[in-house]
Amino acid sequence: MIEVQDLTKYYGNFAALKGISFTVEKGEVVGFLGPNGAGKTTTMRILTAYMPPSAGKVTVAGYDVVDGSMEVRRVIGYMPETVPLYPDMSVFGYLDFVAELRGVPDRWDRIEDVLDRVGMLERADSLIRNLSKGMRQRVGLAQAIIHDPEVLILDEPTIGLDPRQVLEVRQLVRELGRDHTIIFSTHILSEAEQVCDRVLIIDHGQIVAEGTPQNLRDRLQKGGRLFVRVGRADGDVEALLRKVPTVREVTSAETGFIISADDNVGVRPAIARAVVEAGWDLLELRPLAMTLEDIFLELTASDEDTAEPEPEEE
Ligand code: ATP
């Protein structure tokens, strides 16, 4: 449904996208995840044919975003980070305006359907200026789906909402995902995990990882970390642990040691044997759980403070 090949975008001399490639299949909900300034909005604007790429090829439903920009706009519904709403219009009036602009047939019926879908039917006559931020986001979603597009591109649709509204909008996106192909950008990992089938992690204009949330976790956890606690040791535990095959790094922690190994499954029996053979007690040997948050921070190491804190999974 969406094919992106070697997409590059320059703003002047600055490369905001450095040759990214990915595909999105029909019906998928794909999370576009990255810290501020990663290039998410730039990618979305190119996908929606609002801005041309500097180089590379992008097609949506078979249409090229440069040569077939009108067709692309027809098959895509776009919800930008800030939806341009007119505060003095009613919800119905605004959607009527957008629907007319996009040539929606039987538009009054369609507006009713869409308002029902986003749970705003009762607010049809409200002025946009009197709506809460969460309700405005719903109107933003309504305008994105009014022309019944196959593909939805949603740029951080939950930003600035209170926790209840965030849950409502996520739920709505999940529902829309049943019959739409969706790209959904966020800088909150747990959100991508809840809403998306697959995640692309983007940083500094490049895709640094891709997979299902579970898949990403498994892949990164394979070479993960272990916690080891040894009792009755009458020698140098750290030196012994360092000699165990595939161990890369040993760091002393308060009550034990943290080990990084290339193979954290195979290394476990090897550590157990080494400790027991030395005549010491192995009191603890456990993998340190890596949350998607840890993975994200590891992959986007120079961008701190962008991920939502999440409780430790230990
Ligand atoms: P955010 O979550 O903050 O919106 P983002 O991942 O969407 O971030 P982009 O908005 O795509 O990131 O920006 C990518 C980079 O390109 C940033 O460094 C940004 O400063 C730069 N940039 C974006 N738009 C322009 C522009 N019109 N002119 C110059 N630089 C720009």
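Colleague: How many bridges join strand S1 to strand S4?

Modeller: Please keep in mind throughout that this is a predicted model. Strand S1 covers residues 2–11 and strand S4 covers residues 55–60, and the two run antiparallel. One of the pairs is glutamate 3 with its bridge partner threonine 59 in S4. The number of bridges that join S1 to S4 is five.

Colleague: Is threonine 59 buried or exposed?

Modeller: Threonine 59 lies in strand S4, and, leaving aside residues up to four places away in sequence, it touches Met1, Ile2, Glu3 and Asp64. Glu3 among these contacts is also the residue whose bridge partner is threonine 59. Because the relative accessibility of threonine 59 is 15% and the cut-off for this class is under 20%, threonine 59 counts as buried.

Colleague: Which residue in the hairpin of S1 and S2 takes a positive phi?

Modeller: S1 pairs with strand S2, residues 14–24, in the antiparallel sense over eight bridges, and within this pairing lysine 9 stands opposite leucine 17 in S2. The hairpin has two residues between the strands. The residue that takes a positive phi, near 60°, is glycine 12.

Colleague: What is the phi of histidine 204 in the turn between S9 and S10?

Modeller: Strand S9, residues 198–203, and strand S10, residues 206–211, run antiparallel and are joined by five bridges, with aspartate 203 standing opposite glutamine 206 in S10. The two strands form a hairpin with two residues between them. In that turn, histidine 204 has a positive phi of about 45°.

Colleague: In what order do the four strands of the open sheet lie, and which are its edge strands?

Modeller: The pairing in this open sheet is antiparallel, and the order is S12-S13-S11-S14. Each edge strand pairs on one side only, and these are strand S12 (247–252) and strand S14 (281–287). Neighbouring strands of the sheet are turned against each other, direction ignored, by an average of 25°.

Colleague: Which residue in S13 does leucine 226 stand opposite?

Modeller: Strand S11, residues 225–231, runs antiparallel to strand S13, residues 257–261, and four bridges join them. The residue in S13 that leucine 226 stands opposite is isoleucine 259.

Colleague: At about what angle to S14 does helix H10 run?

Modeller: Helix H10 spans residues 267–277 and lies across S11, S12, S13 and S14. Of these strands, S14 is an edge strand of the sheet. The angle at which H10 runs to S14 is about 165°.

Colleague: What is the relative accessibility of isoleucine 153?

Modeller: Isoleucine 153 is placed in strand S7, residues 151–155. Not counting residues up to four places away in sequence, isoleucine 153 touches Met44, Leu47, Thr48, Ile76, Gly77, Tyr78, Met79 and Ile183. Isoleucine 153 counts as buried because its relative accessibility is 0%.

Colleague: How far apart in space are isoleucine 153 and valine 29?

Modeller: In sequence, isoleucine 153 and valine 29 are 124 residues apart. In space, taken from C-alpha to C-alpha, they are apart by 10.0 Å.

Colleague: Which residues form a nonpolar patch on the surface together with Tyr86?

Modeller: Tyrosine 86 lies in the loop between strand S6 (76–79) and helix H3 (91–101), and it counts as partly exposed because its relative accessibility is 42%. The members of the patch have about 320 Å² of accessible area together. The residues that form the patch with Tyr86 are Phe97 and Leu101.

Terms used. Residues numbered from 1 in each chain as written. Predicted model: local features only at pLDDT ≥ 70, side-chain atom pairs only at ≥ 80, totals over all residues. Heavy atoms only, no water. Patch = residues over 30% accessible without salt bridge, like charges linked within 9 Å, V, L, I, M, F, W, Y side chains within 5 Å. Areas by Shrake-Rupley, 256 points an atom, 1.4 Å probe, with all protein chains shown as cover. Salt bridge = Lys/Arg side-chain N within 4 Å of Asp/Glu carboxyl O. Buried < 20%, exposed > 50% of the residue type's maximum accessible area, 1.4 Å probe, protein only. Pairing = 2+ DSSP bridges. Axes fitted to C-alpha atoms, helices over the stretch in contact; angles between N-to-C directions. Contact = heavy atoms within 4.5 Å.
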